[in-house]
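Here is a friendly briefing to read alongside the structure. Take a look at the chain first, then work through the points below.

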Amino acid sequence: MNGIGPRLVVAIDLKKRPWEQAQPLHNRWHPDIPSVAEVNQGQVFRVEMVDASGGTITHSYDAEDIKHVQLSINPSG
């Protein structure tokens with residue numbers, strides 16, 4: 001990265017599934033989940049994220065695919 005723009009505080013690898021990421025990903029705040037970054041009040045920052053389907057839905061999906069998509073998470077396959 002060239003250092004221009006907001007500081008990146010959470011990075012993801014789009015080639016990896018959510019459970020394979022270097023930092024743990026989650027979809028809500030919970031006090032038992034440790035923080036992965038800190039920012040100062042008023043600081044502008046960037047957070048990368050995966051889509052709500054965890055990368056399951058791709059550009060090749062059509063309406064029928066979406067209708068039958070399986071969104072349960074099964075890290076073992």
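Leu25 is partly exposed, with a relative accessible area of 32%; "partly exposed" sits between buried, under 20% relative accessible area, and exposed, over 50% (1.4 Å probe, protein chains only). Leu25 belongs to the loop between E1 and E2. Keep in mind that this is a predicted model, in which local features need pLDDT of at least 70, side-chain atom pairs count only at pLDDT 80 or more, and totals for chains, interfaces and linings use all residues. Residues are numbered from 1 along each chain as its sequence is written, and side-chain values use heavy atoms, with hydrogens and water left out.

**Around Leu25**

- Setting aside neighbours within four places in sequence, Leu25 is in contact (heavy atoms within 4.5 Å) with Ile12, Pro18 and Val50.
- Leu25 and Met49 are 24 residues apart along the chain, and their C-alpha atoms are separated by 8.4 Å.

**The overall picture**

- Starting at the N terminus, the order of the elements is β-β-α.
- Of the 77 residues of the protein, 9% count as buried.
- If you take the contacts between residues at least 6 apart in sequence, 67% of them join residues at least 24 apart.
- The accessible surface of the protein is about 6800 Å², and 54% of that belongs to carbon and sulfur atoms; such areas come from the Shrake-Rupley method with a 1.4 Å probe, and for residues only the protein chains shown count as cover.

- Ala11 lies in the loop between strand E1 (7–10) and strand E2 (45–47).
- Its relative accessible area is 42%, so Ala11 counts as partly exposed.
- Which residues does Ala11 contact, leaving aside its neighbours within four places in sequence? They are Gln23 and Glu48.
- Ala11 and Glu48 are 37 residues apart in sequence, yet their C-alpha atoms are 5.3 Å apart in space.

**Two glutamines in the loop**

- Gln21 lies in the loop between E1 and E2, and Gln43 is found in the loop between E1 and E2 as well.
- Is Gln21 buried or exposed? Gln21 is buried, because its relative accessible area is 10%.
- A polar atom of the Gln21 side chain lies 2.8 Å from the backbone nitrogen of Asp13.
- Not counting residues up to four places away in sequence, Gln21 touches Ile12, Asp13 and Lys16.
- Gln43, at 27% relative accessibility, counts as partly exposed.
- A polar atom of the Gln43 side chain lies 2.8 Å from the backbone nitrogen of Asn40.
- Gln43 and Pro6 are 37 residues apart along the chain, with their C-alpha atoms separated by 8.6 Å.

**A nonpolar patch**

- Val39, Phe45, Val47 and Met49 form a nonpolar patch on the surface, with about 350 Å² of accessible area together.
- Patches are made of residues with over 30% relative accessible area and no salt bridge; like charges are joined within 9 Å, and nonpolar side chains (Val, Leu, Ile, Met, Phe, Trp, Tyr) within 5 Å.

**The salt bridge**

- Side chains of opposite charge can pair when their charged atoms come close.
- The structure holds one salt bridge, a term for a side-chain nitrogen of Lys or Arg within 4 Å of a carboxyl oxygen of Asp or Glu.
- Glu48 forms a salt bridge with Arg46, and the closest N and O atoms are 3.9 Å apart.
- Glu48 counts as partly exposed at 27% relative accessibility, and Arg46 is partly exposed with a relative accessible area of 29%.

**In the helix**

- Where is Ile66 placed? Look for Ile66 in helix H1 (residues 63–67).
- Ile66 has a relative accessible area of 39% and is therefore partly exposed.
- Not counting residues up to four places away in sequence, Ile66 touches Ile57 and Tyr61.

How values were computed: Helices (H or I, at least four residues) and strands (E, at least two) are DSSP runs, numbered from the N terminus. A polar contact is a pair of N or O atoms within 3.5 Å; within protein, one must be able to donate a hydrogen and the other to accept it, and residues adjacent in sequence count only if both atoms are side-chain atoms.
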